[in-house]
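Q: Take me through one part of this model up close, please, and keep it connected. I'd like to see who sits beside whom, with the cut-offs spelled out.

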Amino acid sequence: MKKVHKRASLRVEQGLTQAERIRIGWMGAVLIMAIVLWIRLFTDQQHPKESRAPQAPQDALVSLPQLNTDALAEIKDATAAERAILEPEPFRVLALHAQTLFPDHLEALGEPAIPFADIEEQSRAFRGKPVRLRGELIDAREIIRYPNSSPEYWCTIRTEKGELFFFASLRVPKNLFLSENFVLADGLYLKIYTQILDGERLTAPLVVGKALAPSRRTAAPARQLNRHLLAQVKDAHHGSGRKLSDGTWEWGEEAKPDEEAVWHMLNVAREIETNPALLESEFKDAQEIDIGLLKEIAKRPPLFRGQPFVLHGRVLKARFHRKGENPLRMAFVGDGFLGSTDLGRNPLHLFSTENFPLDIEGPRELLAWFLELEAWEDGDGDLRLGPVFVVAGERDIDFQTPAFVGQIVISFLGIAIVLAGVIAWLARRDKLRSELAARRLLERRQKRRGNIT
C-alpha cells in the first residue's frame, strides 16, 4: 500500500492529470471563442462593400488609328462655290478611315457632337474629328458618282433639335430603321457641303461614316408610371415555353421582360432615385415582399403591376449589361437577382439604372416596382416562372447591435478573464509541481547511487 501511495504521490508531483489537461483544453477553447465573438461584434462594421456601376471613361486612351491630316489640307468650304465641291481624295481617305471607327470609340470619347451653332468658324479645326449624331432620316439614296466607282449611301438627317446634316458611307445599312425611322450616325466630320435634293438647295455639315444603325428617340423625363403603357404588358405563363425534341426551348414573346415597360420604369427610376423626398413619397406605403405575397403576385400579376414594394435580401449575380441604342441613352443597365431565406427558392429578377449600385454586397433593403412574370429554364431543364422588379432606390439598414448582445458580450468577456486567470494559475501550479517532482526524482536517484556505493 505504501508503494502505491508513493506512485500516486509521484504522479501528482509531476504535473496535471489527463482529466485536468482536458478541462484546461476546453477552457482555452471557450476563451478563444469568446475573444473571436467580441472581435466580430465590436470591430466588424457590418456594412457591405460599396462598388460603383460602370462609368464611361472621361479621358480614355482610345485605340483609334491616327488619321493622315495632310489629306484634309485641300478641303475648302469658306465660300458657297467651295461648299458645292466635294474633294474626291479627302472623301476617299475619310471614308476608308471611318471603317476603323467603332461605337465603343464614340462612347469612350463622350459621344462628341458637331457644334452646329459655331461650325462656320470651327469647320477647319473640326475636320476629321469623330462625332456621334442621332436623328430622323429625311432622305436616303444610293449613288455612283463616278463611272466604275463603288456605290455610296447618302442620307439627309434631322436631329431632335432640328439641325440638318448629311451622312455618307460606303455601306448600305443591313438593319431596317423600323417605323420610327430614327438612326445613329457615327462618323468623321468632313466639311460644310451643299447639294440639291428634290429641287431644293441644302447646305449642312457632312459626316462620313461606316454605316447608319437603328436608334431610338430620346425619351422625355418621367416622374410617374404610365398606367396605360403598363396595361399592355403580358405576363409569362406555363405555355410561354415549349421544350423541343432536341432538348432546347422555344420561347413565346411574353417569356422575356417587356422592353418598352422596362425602359419606362428605368426612366422614372432615374428621375426619383436622386430625389430622397420623391422616392420616400413613392414608397411610403409600400408592402414588404414575403413568400405569401409572392404567391399572390404569381396568381394575379396584373393586380400588382406597377405597385411599389420593399425587397429584403442579398443581390446575387449582379452585373451591368451594355444595352446599345435605347431611349434613355444609358450605356449600361443593372441586372441581378435578389435572394432571401424568407423567399425560399424564388429569386427576384432585378433591373436598375446604370447609376444605381446594384452590385453592392451584403443585406439590402431595396425599393422597387413589380413589372411582370417572366419564364426561363432552370438548372434542371424545367420551365420556371418568376417576378421581375425595377429598382428605384434603397433604404439604409440600421446595423445597431441590440442591447442584449452587449450584455452577452460583457458576460463572455468576464468569463474569458476568469478562464484566463484559472489557466494561468493552473499552468503555474503545473510548472511548480513539475520542478518539485524533478528535484525529488533527482534526490532519489542520488540516494540510490549512494546506497549502492
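**Rings, strands and a core**

A: Let's start with a charge and a ring: Arg-145 lies over the face of Phe-91, 4.8 Å from the ring centre. That label needs CZ of Arg or NZ of Lys within 6 Å of the ring centre and within 35 degrees of the ring normal. Bear in mind that this is a predicted model, where local features need pLDDT of at least 70, side-chain atom pairs count only at pLDDT 80 or more, and totals for chains, interfaces and linings use all residues. Numbering runs from 1 along each chain as its sequence is written, and side-chain values use heavy atoms, leaving out hydrogens and water.

Phe-91 also belongs to an aromatic cluster with Trp-154, Phe-166 and Tyr-193. Rings of Phe, Tyr and Trp (its six-membered ring) pair if their centres lie within 6.5 Å; planes under 30 degrees apart are stacked, over 60 edge-to-face, and the rest tilted. Elsewhere, the charged end of Lys-210 sits over the ring of Phe-102, at 3.9 Å from its centre.

Now for the part I'd zoom in on, strand E12 and its partners. Overall, the protein has eleven helices and 14 strands, taken as DSSP runs (H or I, at least four residues, for helices; E, at least two, for strands) and numbered from the N terminus. E12 covers residues 348–352 and joins E14 (residues 383–395) through three bridges, the two running parallel. Strands pair here if DSSP finds at least two bridges between them. Phe-351 has Val-390 as its bridge partner in E14, and Leu-350 has Phe-389. E11 (residues 332–339) is joined to E12 by five bridges, this time antiparallel, with Asp-335 partnered to Phe-351 of E12.

Why call E12 enclosed? Five of its five residues are buried, so the rest of the structure largely encloses this strand. Buried means under 20% relative accessible area, exposed over 50%, and partly exposed in between (1.4 Å probe, protein chains only). Leu-348, Leu-350 and Ser-352 point one way from E12, His-349 and Phe-351 point the other way, and all are buried. For context, buried residues make up 40% of the 453 in the protein.

E14 has another partner. It pairs with E13 (residues 363–377) in the antiparallel sense over twelve bridges, with Ala-368 opposite Val-391 of E14. These two strands form a hairpin with five residues between them, and Gly-381 in the turn has a positive phi of about 85°.

Next come the rings. The whole structure holds nine aromatic pairs. One of them is Phe-283 with Trp-369, a tilted pair at 5.6 Å centre to centre with 35° between the planes. It links distant parts of the chain: Phe-283 is in the loop between helix H9 (276–282) and strand E9 (287–288), while Trp-369 is in E13, 86 residues apart. Phe-283 and Trp-369 are both buried. There's also Phe-309 with Phe-389, edge-to-face at 6.2 Å centre to centre and 90° between the planes. Phe-309 lies in E10 (residues 308–322) and Phe-389 in E14, so this pair ties together parts that are 80 residues apart in sequence. Both Phe-309 and Phe-389 are buried.

Several of these names come back in the largest nonpolar core. Of its 26 residues, Met-265, Leu-266, Ile-272, Phe-283, Trp-369, Leu-371 and Ala-392 touch the most other members. Such a core is a set of buried Ala, Val, Leu, Ile, Met, Phe, Trp, Tyr and Cys residues joined through side-chain atoms within 4.5 Å. Helix H8 (259–272), E13 and E14 each supply at least two residues of this core, and the largest share, eight residues, comes from H8. Apart from this core lies another, of 24 residues, among them Leu-72, Leu-94, Ala-98 and Val-208.

Leaving aside neighbours within four places in sequence, Phe-283 is in contact (heavy atoms within 4.5 Å) with Ile-272, Pro-308, Phe-309, Leu-367, Ala-368, Trp-369, Ala-392 and Arg-395. Across the protein, 69% of the contacts between residues at least 6 apart in sequence join residues at least 24 apart.
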